[in-house]
Amino acid sequence: MDDVSFTVEKGETLGVVGESGCGKSTMGRTIIHLQEATDGQIFLNGEDITHVKGGELRRIREKMQIVFQDPYSSLNPRFRVEETIREPLKRSGRFKDRTVLNEETNRLMELVGIDERLRQSYPHELDGGRRQRVGIARALALNPEFVVCDEPVSALDVSIQAQVLNLLMELQEKTQTAYMFVTHDLSVVRYISNHICVMYLGQLVEKAPTEALFQETLHPYTKALISAIPSIDIDHPMKRVMLKGEITSPITPAPGCRFAARCPYAADACREPQKLREAAKNHFVACCRMEEINE
Ligand SMILES: Nc1ncnc2c1ncn2[C@@H]1O[C@H](COP(=O)(O)OP(=O)(O)OP(=O)(O)O)[C@@H](O)[C@H]1O
Ligand SMILES: [Mg+2]
């Protein structure tokens, strides 16, 4: 990850898109301290939390949570539904009384729509949608202010995807939690986000308010991504930009534009490092040929 900078406001969703291996999960995990940042700064409510440790880290962990990409591997197979949801409540030490703890567990199960009869079930007895709901309940247990949703619906089928997305949006309305929503599904990201960051090989290539990104796409990589969205409009087929090759190794990348090797517009100027420039209000693009190719 290099030179990636953004802000997520209370009650808003920042969508993060980019192909497999570009570093979306790494970024989410680094922000909430599941892995350590080697450089840069992370702020929560204006407080620099980049190097917090020990008790201090536990305190901020309550405010920052994650819903993992894979609902099959992110739940402890030996924990029943109620145990999984109760765990963060118990750990916080805020709920000493058993009855209160149980009431809170009930509230969370109801919040995410898991039936009371599944209370004693193990993860393997649940379908993918319900497992993800348990993961969401666990993440929301302590009313976090910021949640990384790392492709929370990519392992689910389409009808359940919609349910889980709507659930996340409803909960956000109630709690004003800020989400960083990682996905490579652009239709999902358009539906759920206020702002979108497009990443390529560990860098930001475009950052814009959601509709601006779709209406006035500026970066060649974003154009290719958007052209790949399946459309049901057979009268006006969109021209698909086919990218060749694959994302290159993230180990010691060349200093120039990391997308250049696959970019249909690559030129000599692209060998220089690319800086994010503000093309329109709040719309940032890292492409030195932006003006030429968007004439
Ligand atoms: N534990 C690890 N050790 C070494 N390299 C890793 C590790 N985890 C991830 N990587 C590498 O870091 C890069 C970014 O991985 P990351 O999981 O953040 O991608 P991603 O954008 O989340 O991809 P996906 O869309 O498939 O989830 C990849 O090249 C990956 O191989
Ligand atoms: Mg990932």
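Modeller: A residue counts as near a molecule if one of its heavy atoms lies within 4 Å of it. By that cut-off, and bearing in mind that this is a predicted model, ligand 1 is surrounded by E19, S20, G21, C22, G23, K24, S25, T26, Q69, E151, H184 and P250. Some of these put a polar side-chain atom beside an oxygen atom of ligand 1: for K24 the distance is 2.7 Å, for Q69 it is 3.1 Å, and for E151 it is 3.1 Å.

Now the helices. Take α5 (residues 128-140) and α6 (residues 158-175): their axes are 10 Å apart and the packing angle is about 15 degrees. That angle is under 35 degrees, so α5 counts as roughly parallel to α6. Their crossing is right-handed. On the α5 side the contact uses G129, R133, I136 and L140, while α6 brings I160, Q163, V164, L167, L168 and L171. Sort the residues of that contact by type and you get seven nonpolar, two polar and one charged.

α5 has another packing partner in α3 (residues 81-92), with the axes coming within 7 Å and crossing at roughly 20 degrees. That makes α3 roughly parallel to α5 too, and the crossing is right-handed. Here V81, T84, I85 and P88 of α3 meet V134, A137 and R138 of α5. The residues of this contact split into five nonpolar, one polar and one charged.

Key: Residues are numbered from 1 along each chain as its sequence is written. Chains are lettered from A and ligands numbered from 1 in the order in which they are written. This is a predicted model: local features need pLDDT of at least 70, side-chain atom pairs count only at pLDDT 80 or more; totals for chains, interfaces and linings use all residues. Side-chain values use heavy atoms; hydrogens and water are left out. Axes are lines fitted to C-alpha atoms, for helices over the stretch in contact, and angles run from 0 to 180 degrees between N-to-C directions. Helices (H or I, at least four residues) and strands (E, at least two) are DSSP runs, numbered from the N terminus. Angles under 35 degrees count as roughly parallel, over 145 as roughly antiparallel, 65 to 115 as roughly perpendicular and the rest as oblique. A crossing is left-handed if the near helix is turned anticlockwise from the far one by less than a right angle, and right-handed if clockwise. Contact means heavy atoms within 4.5 Å. Ala, Val, Leu, Ile, Met, Phe, Trp, Tyr, Cys and Pro count as nonpolar, Asp, Glu, Lys and Arg as charged, and the others, Gly among them, as polar. A polar contact is a pair of N or O atoms within 3.5 Å; within protein, one must be able to donate a hydrogen and the other to accept it, and residues adjacent in sequence count only if both atoms are side-chain atoms.
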